[in-house]
Amino acid sequence: MTWLKKLAEAAVFLLLLTLVSFMVVKLAPGDAARSLLRMDTIAVTGQDIEAQREQLGLNAPIWEQYLSYIANVARLNFGTSTMSSKPVVTELANAFPGTLLLAGWSLVVALVITAVLGIFAARNAGKWQDRLAQGFCLVASSLPAFWLGLLLLNVFAIGLKLLPSQATRPGGLVMPIICMTIAIVPPYVKVFRNSLVDAQEADFVRASRSRGLHESTVFRKHVLRASLIPLVTIMGMSLGGLLGGTVVVEKIFAIQGIGMLVLDSLTKRDYPTIQAFILLIGIVVFLINGLVDLSYRWLDPAIALKGRKA
């Protein structure tokens, strides 16, 4: 029954997601047919616009358009990009690796910093080491990504000439990764530090200490595991935004990723690409939430037991 419930939830979610992506275009200002014909650069007649609307199926009832849209999505047919005249799937496939590489390495570096600073601050709660870590989080969270990116470019690429300004050259991802890491790491450190401090005072941890277990064993097997649940939660909430929020960094460092593609699509009203992006990010967020739910069951056996009883 649990799996049937999950499948039903997935089906409802996907249906609502397609509805949102479909309505985004319908509610957008302007005419999709006019945008496709690029009336700002090419003179067209009313007959040309009407023929284009008929070709796109825009004259059909809206419910018929929606059913046709769902059928195309089910076949992974997202249409043709009005910018490049290439299939949208091809455009996304070409752009996704750049964003995935940037977001993936940024997440890895952020997790390393989170582990080091979180444990460092929690083990020295209330001391100067703790205040130092929290000060770093405060400063890092106050730095706008675009400002930090431009600063890194001016210092390390233009001034010192230590790193290339373009991500396509060797070492070119160092500055974008630093920029993305600084943007996402402060809440991770804060949540992990606070959960470690709370877990160290929990009753089950005190009971473990009373049985004579070594402090390192208590920390590794009990404190650390219990502290990972809040961290996994905030990671799950931010990963979808991480993939979709790389647009500023990609623009500054000329990375041909999803962010750049969507930014260009918005400025040029490439609606098929925008629709596909909404679907992609929605599906990624849904899958991440599923993985987070599974990780809860591994981190806390009590959650898995409740799930079986339900």
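By exposed I mean a residue with over 50% relative accessible area, and by buried one under 20%, with partly exposed in between.

Let me start with the overall picture. The protein has 14 helices and zero strands. Read along the sequence, the pattern is α-α-α-α-α-α-α-α-α-α-α-α-α-α. Of the 310 residues, 38% are buried. If you take contacts between residues at least 6 apart in sequence, 71% of them join residues at least 24 apart. The protein exposes about 17700 Å², and 68% of that comes from carbon and sulfur atoms.

As background, most residues other than glycine have a negative phi. Leu76 is not a glycine, yet its phi is positive, about 60°. Where is Leu76 placed? Leu76 sits in the loop between helix H4, residues 62-74, and helix H5, residues 88-123. Its relative accessible area is 58%, so by the cut-off of over 50% Leu76 counts as exposed.

The second case is Lys161, also not a glycine, with a positive phi of about 55°. Lys161 belongs to the loop between H7 and H8. With a relative accessible area of 64%, Lys161 is exposed.

Next, the surface. There is a nonpolar patch of about 810 Å². Which helix gives the most to this patch? That is helix H7, residues 145-159, with six residues. The members of the patch are Phe146, Trp147, Leu150, Leu151, Val155, Phe156, Leu160, Leu162 and Val248. Val248 is found in helix H11, which covers residues 247-252. The relative accessible area of Val248 is 35%; because that lies between 20% and 50%, Val248 is called partly exposed.

Helix H6, residues 128-141, packs against helix H8, residues 174-200, at an angle of about 145°. The two axes are 8 Å apart. H6 passes H8 in a left-handed crossing. On the H6 side, the contact is made by Asp130, Gln134, Phe136, Cys137, Ala140 and Ser141. On the H8 side, the residues are Ile182, Val185, Pro186, Val189, Lys190 and Arg193.

To recap, we have a predicted model with 14 helices and zero strands, a nonpolar surface patch to which H7 gives the most, and a left-handed crossing of H6 and H8. Leu76 and Lys161 are the two positive-phi cases I went through.

Technical notes: Residues are numbered from 1 along each chain as its sequence is written. This is a predicted model: local features need pLDDT of at least 70, side-chain atom pairs count only at pLDDT 80 or more; totals for chains, interfaces and linings use all residues. Side-chain values use heavy atoms; hydrogens and water are left out. Patches are made of residues with over 30% relative accessible area and no salt bridge: like charges are joined within 9 Å, nonpolar side chains (Val, Leu, Ile, Met, Phe, Trp, Tyr) within 5 Å. Accessible areas come from the Shrake-Rupley method with a 1.4 Å probe; for residues, only the protein chains shown count as cover. A salt bridge is a side-chain nitrogen of Lys or Arg within 4 Å of a carboxyl oxygen of Asp or Glu. Helices (H or I, at least four residues) and strands (E, at least two) are DSSP runs, numbered from the N terminus. Buried means under 20% relative accessible area, exposed over 50%, partly exposed in between (1.4 Å probe, protein chains only). Contact means heavy atoms within 4.5 Å. Axes are lines fitted to C-alpha atoms, for helices over the stretch in contact, and angles run from 0 to 180 degrees between N-to-C directions. A crossing is left-handed if the near helix is turned anticlockwise from the far one by less than a right angle, and right-handed if clockwise.
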